[in-house]
Amino acid sequence: MRIVSGIQPTGNLHLGNYLGAIRNWVRMQDDVAETGGECFFFLADLHAISMPHTPAELTANTREMAAALLACGVDTTKSVLFNQAQVPAHSELQWLLNGTARMGWLNRMTQFKDKSGKNREGASVALFTYPVLQAADVLLYQATHVPVGDDQKQHLELARDIAQKFNNDFCAEDAPVFTLPEPFIPPEAARIMSLRDGTAKMSKSDPSEMSRVNLSDDADTVMKKVKKAKTDPEPLPSEEAGLEGRAEAKNLVAIYGALSGQSVAEVLGEYGGEGFGKFKPALGELLVETLRPISERFNELKQDTPELDRQLATGAAKARDAAADTLAKTYEALGLLR
Ligand code: TYM
């Protein structure tokens, strides 16, 4: 197994990132180490320039996100951790795959529509071609499994389409250049929703800090955010079906279950009939207990910039080595003299 995944170093790591993706990175890293597979986890700093950004903030956020991932349990003795900008093969492969990706495929990407909004003409070209870079990110390492939240599923399908077309167009049937990657999406936390609006996903780009729990939030802040989370006046139902049409309640129960390792039915077995006055403090405490060791480690690790830079440089050297073979085969398959 080859596990590959990335996260943009913009803003804080939040609960959606953690439950939807990062927790699985760590679980898969530990499983894969036993079976001889490999994990590559990276900070998608090249993706971050597709939106307006401040250079000094991007540098600081890249280091902070590296510290956050280490605090969550990414272990550089088992996994390769790096930032894309130190591995030029990502940008190179993106260009090579631009010849295979189709305009029609990219036109269907919902993230471009969401992020460009009404200002399509003013959006950067990078925002449009972003999914091709994402395809390069995983195809470069022959990824077999990509642990992500549900919002990345469409990008992964595109990566498969690009890989398949490239293999068909340029490779002998018995010698494909690219492996088709499978998304790995946790059913219990595929899409964690905003605490202010149960129909919008929890996101770094939401202007309201109250909409998300950050992994660096202190205990009081976490409690305050959970207690102020939007809900309805009804008590929790005893059966799962009773959550239909109650997006906010459903989200809080899902978060509780994902944190405690219980199914939604089990959580409702315990809290069915109770009001949010009882459920919210219980959820807040569970969150605080889960986040406490992570935020303690994060606060410690983020102070040591030279150590973070050293870890990223070591990871990047390993990633450059691992990427070289696939990149060379891609140039060759396309008939490019080097
Ligand atoms: P990003 O930085 O937005 O998010 C990182 C990971 O967190 C997951 N996620 C969520 N999961 C559940 N509920 C949520 N509310 C939630 N919000 C975020 C995302 O699905 C993702 O797994 N384009 C990617 C980064 C990327 C990448 C890649 C990922 C670049 N290249 C190659 C995988 C493979 C992104 O912007 O994720």
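## Crossing of H4 and H7

Helices H4 and H7 cross in a right-handed manner, meaning that the near helix is turned clockwise from the far one by less than a right angle. In this predicted model, local features need pLDDT of at least 70 and side-chain atom pairs count only at pLDDT 80 or more, while totals for chains, interfaces and linings use all residues. Residues are numbered from 1 along each chain as its sequence is written, and side-chain values use heavy atoms, with hydrogens and water left out.

H4 spans residues 89-98 and H7 spans residues 125-139; helices are DSSP runs (H or I, at least four residues), numbered from the N terminus. Their axes come within 8 Å and cross at roughly 115°. Axes are lines fitted to C-alpha atoms over the stretch in contact, with angles from 0 to 180 degrees between N-to-C directions.

## Residues in the contact

By class, the contact has 7 nonpolar, 5 polar and 1 charged residues.

## Around the ligand

An N or O atom in the side chain of aspartate 151 is 2.4 Å from an oxygen atom of the ligand. For lysine 204, the corresponding distance to a ligand oxygen atom is 3.3 Å.

Conventions:
Helix = DSSP H or I, 4+ residues; strand = E, 2+ residues; numbered from the N terminus. Nonpolar A, V, L, I, M, F, W, Y, C, P; charged D, E, K, R; others polar. Polar contact = N/O pair within 3.5 Å; in protein donor to acceptor, adjacent residues only side chain to side chain.
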